[in-house]
Number of protein chains: 2
Amino acid sequence: MSKKAKQVKVNQVKVQDIFWSRLQDKIIDTVIPFQERVLNDQVPGVAKSHAIENFRIAAGLSEGEFYGMVFQDSDVAKWLEGVAYALTVRPDRELEERADAVIDIIEKAQQPDGYLDTYFIIKEPDRRWQNLHECHELYCAGHMMEAAAAYYEATGKDRLLGVAQRLADHIVSRFGQGKERGIPGHQEVEIGLLKLYRATGKEAYREMARFFLEERGKNPDYFYEEKLKRGWQHWGQYNTDHLDVTYNQAHATIYQQDKAVGHAVRAVYMYTAMADLAGEDGDGKLYEACVRLWDNIVEQKMYLTGGIGSTAEGEAFSDDYDLPNDMAYAETCASIAMVFFAGRMLETEPDGRFADIMERELYNGTISGMQLDGQKYFYVNPLESVPGISGKIHGYKHALSERPGWYACACCPTNLVRLITSLGSYAWSEGDSVIYCHLLMGQRAELEKAQIAVESEYPWQGKVSWSIAPRTDREFTLAIHIPGYVDLQDAGTEVRVNGGKVELEENMKKGYLYLTRKWEEGDRAELSFEMPVRRIFASQKVREDAGCVALMRGPVVYCFEEADNGGDLWALRLPGQLQAESFLCREGVLAGNICLRMKGSRLKSGRSLYSEERPVKEPAELVAIPYYAWANRRPGQMRVWMLEE
Amino acid sequence: MSKKAKQVKVNQVKVQDIFWSRLQDKIIDTVIPFQERVLNDQVPGVAKSHAIENFRIAAGLSEGEFYGMVFQDSDVAKWLEGVAYALTVRPDRELEERADAVIDIIEKAQQPDGYLDTYFIIKEPDRRWQNLHECHELYCAGHMMEAAAAYYEATGKDRLLGVAQRLADHIVSRFGQGKERGIPGHQEVEIGLLKLYRATGKEAYREMARFFLEERGKNPDYFYEEKLKRGWQHWGQYNTDHLDVTYNQAHATIYQQDKAVGHAVRAVYMYTAMADLAGEDGDGKLYEACVRLWDNIVEQKMYLTGGIGSTAEGEAFSDDYDLPNDMAYAETCASIAMVFFAGRMLETEPDGRFADIMERELYNGTISGMQLDGQKYFYVNPLESVPGISGKIHGYKHALSERPGWYACACCPTNLVRLITSLGSYAWSEGDSVIYCHLLMGQRAELEKAQIAVESEYPWQGKVSWSIAPRTDREFTLAIHIPGYVDLQDAGTEVRVNGGKVELEENMKKGYLYLTRKWEEGDRAELSFEMPVRRIFASQKVREDAGCVALMRGPVVYCFEEADNGGDLWALRLPGQLQAESFLCREGVLAGNICLRMKGSRLKSGRSLYSEERPVKEPAELVAIPYYAWANRRPGQMRVWMLEE
């Protein structure tokens, strides 16, 4: 296995895209300031945060009690990471100063030995590191490391980096071979340590990440023994019941695990770190472990929207093919984690199947978590919603049909901020002689081998061009991901370089088109393909999609809302011979989106609950909108999978 | 409104039926002795009962603590009621002696003031009558009254009747206008009081029943005020939170309620008493209240199998048309309660819509609660089951795919016993000049106006005859319920009296065929009709049945099991032009049942989770079995509502 392609840093790429720039603006103009006010407890009517105040109290700058979740610190870290990326998108001196002020507080809250976790500093100083199972100290540390690496890359300022290093050194001094054999209850520190390793070059951090990954599951009773030893627990009344650690993916070693199980975000954060380390170390065995888990998720456990973790209990993966649409959990954070995982897999092996899923997540299951105006958020992303049932009846209580403004457990909103502001870094990776372009996004990238300007009409049209200004006079390859759904045989699918048609079949490998040449200033590659509406069928193993079809156009999954189609969406039928027309929505909150219009039918029945009379079919004009844009109008039903005539 | 038709007593009818006699035998030979051993704690491996021991302790015949639910007494009462009916089916001196011995203990447990509830006698003697909301004292009293009336009717022995009267007198002395204005948290005493009224003729019991019904909901805060007053609660930690009493149907008066809400068994026990009293008193206003609630259940809230109370939370009615098949609660007891309700409605107004539902319940949603061998029971009766999901995953935990042997809350098994052993009394009612026959069941009935022998091939064939030996020389009417699904226009549908064809249309009224004549000894009425397989469609308001069809033949709902059809039942399709052949199953556990065989198809797809390839249809031979007989073979999937090609 070859050493992986290099990650591209956030500040190497400026997104200038018809789709994503609007979202980045929304994040920067609305979400980051809103979240800043929430973290400072300045927004009435949303769940109280207290997260920055916790740091102030820990720093001795304020009096008071800790408030919030045991992992409240991570909200601040994730916000800072988002701010760091935002500053690369659009410098903002005042925002940077305010972030610096927060970092100042964090630095003051750090203990002399490097320890940093406001819950334990303020509330239970004698109980540090006793409850890795429940208490998220390593999780919060990981987020602080990610924030520190990001802030350092974005601003060149190393104050938070220093905090993170002292914290990491503290962790390294405590855990490892021949030291404490602890592992985190919620994986994340592994990702943070690897980022910190790349930011500082310190091998100890990489080794620490490997230890946490490889130690996991060696002793499946580790958390149980930890519980018995300390004699207390954080959640609920202390008991000596045995623990089911499949929830934490601690039931077997990472090499033994071949099914994605347990809490989806924990799982995919772990897989992300595994993939990162596999690439970093050229570790084929570890990479194969990643592929096994990837395949189980993507081929057995993923919604069409990219949603994963289908059951509410434990926010967890369910059995293979158990993908209820109306009861879906499909946490926003879990879809975001899949982008991380896909990104790391692509660095090791540029295979279109990873890029396809990254795209699926980005255009669907991640951003469905945010209202179009950036002000409200879904934690849970169902593929069917029925107000009156959803969010209300047993089994459906988690699946709200309207986005709330904030959450007591506020992981998803801050996670969206850091994802969308750092999007550029997922679009590229750079090998010795190859530049990989994973996402068809309008952008300017400053890469080692070239400056590349991408113009794109994606995701609404299959029209993308790359203008290259090489920085080397050696030959190199531009490898472009062509989405897996593109029909290479279609007459409308073509790639031209400087106007000359490229033979597709012979230059394609695993979903990437390899264009190798001695690139000259002003060279231009152009990709174009048709974007018909595609009908998608689920495997017959998926009970909940039986008899149904879903619509996609490009990477975008569509859904049907009551606002356009009236109620009882399940009584609508799509024709076997579907002719859907796409149109640009020009007005209202959906303006700028390509929507679909088609002829279908609606079944009508008499008043009886049950009858021998076959329901009557009446013609109906149906409209579908992008899934991510659902629940932005008046409350109403939504459905992705539609029955056929 | 006319005074209602008279109820027929259990001992007036001997069931001799190809379908029900086998079940009655199973109940008498297997279930009653099994339950007797359970109630006496002689069955290892099932949930401990302790119910008879509680009475022994309360009687001072044994030492020990109360064990079980606060309503544990009712299991003994319901068993005794079942025994009483069983003795009318088949006398059994030893069983009667053992029942007498239990009654002896109960009599000794009764307190000098008439009070009888072992939980409070043993455990909390100072807390009697303080917690009507949670503590089921009136509920247990109601069951004791029902048992007493039944035992008196069956055996002529009045010892238990005396116990019940002293208990009822105690209640009458305590509650009512100008006394305590209490109402039961779980309705049932109203039914018991009316039965006791009919057994004893004491008006005070009927008035007490009316008080409990009419007092309900007058002060929706009654239970809340009761809670604040007593300062303790039975379930959970004491709090002063406001109570949602829609669960108990105490949110509005019985005249204001027009939607079936809350705990389904509580609700339908109340409606049953309302209907009983409406008929008893010729009370049109009360009857109209019953009709409103009946219609809401039957036209908006009932499964095809008769199951009601679709949500597990609160074992309750959900919103109109919210009828999930896989997450159905559909408690066995709630279906049984619907038989009671239908029976009482029929006494007031012989309308086929009530008899049709009684039949739907009897042949489907009630008896699905019992394994064919009578040894295991379902509390919950879903219309779709998927082992691995059902009984296991969040939202589905209540919906088991195999029947357990007993329950800590053992209401359903004992309820089935008393229903099936008293079936004869639901088959008839008798007005001044009319004998109504509600059920097409083989039986011998000793009625006031005639002795009637019914021969029947129901539910497997539409062939029933009535042989009449009149006891009067006056003209009277035999009114026969012809099931609503029977096609009166069909050439195969005919009724003959002494061989002469009867004009159907002009003699039918609301589902009953009225045959008026001066009946002579040896007169014989014969009904015959075809019994084709019928395809049933649900209203387009029912989301969970969208695109599906269900099969019925006669009153029997059919289902498809994995044992006959292989797995992934949702991948099967029934043809638009269905030709189903019925056949008698001759072997195995299903022997004696008419099953269905038909050509259909199975969809097959490739290995991908999602694909643009339309699944391929392959021919498949499909088999359906009666719904009530599901889960009697190896564990596997089951489905009632099937997708169409």
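In the predicted model, Glu134(A) and Arg230(A) are both buried. The side chains of Glu134(A) and Arg230(A) form a salt bridge, with an N to O distance of 3.7 Å. Side chains of opposite charge can pair when their charged atoms come close.

A second salt bridge in chain A is formed by the side chains of Asp113(A) and Arg128(A), at 3.5 Å from N to O. Asp113(A) is located in the loop between helix H4 (93-109) and helix H5 (118-122) of chain A, and Arg128(A) in the loop between H5 and helix H6 (137-155) of chain A; the pair therefore ties together parts that are 15 residues apart in sequence. Asp113(A) is partly exposed, its relative accessible area being 40%. Arg128(A) is likewise partly exposed, with a value of 22%. Over all chains, the count comes to 118 salt bridges.

Salt bridges are also found between the chains. Lys541(A) is joined by a salt bridge to Asp568(B), and the closest N and O atoms are 3.3 Å apart. This pair joins two chains, because Asp568(B) lies in the loop between helix H17 (562-565) and strand S18 (572-573) of chain B, while Lys541(A) lies in the loop between strand S15 (533-538) and strand S16 (548-553) of chain A. Asp568(B) counts as buried, at 15% relative accessibility, whereas Lys541(A) is partly exposed, with a relative accessible area of 42%. Within chain A, salt bridges that share partners connect Glu203(A), Arg206(A), Arg210(A), Glu214(A), Asp281(A) and Asp283(A) into one network.

At the interface, 65 residues of chain A are in contact with 65 residues of chain B. The area buried between chain A and chain B is about 5000 Å², and carbon and sulfur atoms give 50% of this area. Between chain A and chain B, 14 salt bridges are counted. One further salt bridge is that of Arg543(B) with Asp326(A), in which the closest N and O atoms are 2.9 Å apart. Across the interface of chain A and chain B, 30 residue pairs are in polar contact. On the side of chain A that touches chain B, the elements giving two or more residues are helix H12 (284-300), S15, strand S20 (594-604) and strand S21 (610-611) of chain A. S15(A) gives the largest share of this side, 5 residues.

Aromatic side chains were examined next. A search of the whole structure finds 54 aromatic pairs over all chains. Among them is the tilted pair of Phe175(A) and Phe212(A), with 6.0 Å from centre to centre and 55 degrees between the planes. This pair links distant parts of the chain, 37 residues apart: Phe175(A) is in the loop between helix H7 (159-174) and helix H8 (189-200) of chain A, and Phe212(A) is in helix H9 (residues 203-215) of chain A. Phe175(A) is buried, with a relative accessible area of 1%, and Phe212(A) also counts as buried, at 0% relative accessibility. One aromatic cluster is formed by Phe19(A), Trp20(A), Tyr363(A), Tyr458(A), Trp460(A), Tyr485(A), Phe529(A) and Tyr628(A).

In chain B, charged groups are placed over aromatic rings. The charged end of Arg127(B) is over the ring of Trp232(B), at 4.1 Å from its centre. Arg517(B) lies over the face of Trp519(B), 5.5 Å from the ring centre.

Technical notes
Residues numbered from 1 in each chain as written. Chains lettered and ligands numbered in written order. Predicted model: local features only at pLDDT ≥ 70, side-chain atom pairs only at ≥ 80, totals over all residues. Heavy atoms only, no water. Phe/Tyr/Trp six-rings, centres within 6.5 Å; stacked < 30°, edge-to-face > 60°. Helix = DSSP H or I, 4+ residues; strand = E, 2+ residues; numbered from the N terminus. Buried < 20%, exposed > 50% of the residue type's maximum accessible area, 1.4 Å probe, protein only. Lys NZ or Arg CZ within 6 Å of the ring centre and 35° of its normal. Salt bridge = Lys/Arg side-chain N within 4 Å of Asp/Glu carboxyl O. Contact = heavy atoms within 4.5 Å. Buried area = accessible area lost by both parts, 1.4 Å probe. Polar contact = N/O pair within 3.5 Å; in protein donor to acceptor, adjacent residues only side chain to side chain.
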